[in-house]
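Let's take a walk through this structure together. Have the sequence at hand and the 3D view open.

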Amino acid sequence: MPQNPPEGYTRVTPYLYYKDPDAALEFLTRAFGFIEKVKMTDDGGKIMHAEVELDGGVVMFGTPGPDYKNPKEIGSHTQGVYVYVDDVDAHFDRAKDTGAAITKETEDQFYGDRSYACEDPEGHSWWFATHVRDVSPEEMEAAMAGATS
């Protein structure tokens, strides 16, 4: 019986659509440090499906149908991908220097992560974080209550 999920994959894997998956592969590897894992192309060499990996986490992406609109085109976000990295400050600098549109500067969060947010060239929302301190459920509840009052 085959392993489920297959080796090298987790049970939950984001799948994103890009109108220009070739540019997306270049951006995701250069700006965010992902490693190319799989690339399937059509007869003309255009990416139809690709997978990138970062420390065991995989993001799949591909070419959508003709009626697809990316987040930039619809003017709204429909999802966000949250990724843990070893050094969020260095990651922020790399992403910013490579042209990621920063939507939230790096800062410590009440839930124990230090994070920032950005958009890729087609408007997909990405969050990158390093877990910097453990927070008890009571501390988190108190912080959340303080944020809503």
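A residue counts as buried when its relative accessible area is under 20%. Keep in mind that this is a predicted model. Phe32 comes out at 1%, so it is buried. Phe27, at 6%, falls under the cut-off too, so it is buried as well.

Searching the whole structure turns up twelve aromatic pairs. In one of them, the ring centres of Phe27 and Phe32 sit 5.2 Å apart with planes at 80 degrees, so this pair is edge-to-face. Ring pairs also tie Phe27 and Phe32 into a cluster with Phe34, Phe92, Tyr116, Trp126 and Phe128.

Now for the largest nonpolar core, which has 26 residues. Those touching the most other members are Leu28, Phe32, Phe34, Phe61, Val83, Trp126 and Phe128. Helix H1 gives the most to this core, with six residues.

Next, look at helix H3, residues 88-97, where Val88, His91, Phe92 and Ala95 are buried. Down the axis of H3, the buried residues fall within an arc of 105 degrees, so they line one face of the helix. They pack against helix H1 and strands E6, E7 and E8. After H3 comes Gly99, with a positive phi near 105 degrees.

One last stop: Lys37 lies over the face of Tyr9, 4.5 Å from the ring centre.

Key
Residues numbered from 1 in each chain as written. Predicted model: local features only at pLDDT ≥ 70, side-chain atom pairs only at ≥ 80, totals over all residues. Heavy atoms only, no water. Buried < 20%, exposed > 50% of the residue type's maximum accessible area, 1.4 Å probe, protein only. Helix = DSSP H or I, 4+ residues; strand = E, 2+ residues; numbered from the N terminus. Arc of directions from axis to C-beta. Contact = heavy atoms within 4.5 Å. Core = buried A, V, L, I, M, F, W, Y, C linked by side-chain atoms within 4.5 Å. Phe/Tyr/Trp six-rings, centres within 6.5 Å; stacked < 30°, edge-to-face > 60°. Lys NZ or Arg CZ within 6 Å of the ring centre and 35° of its normal.
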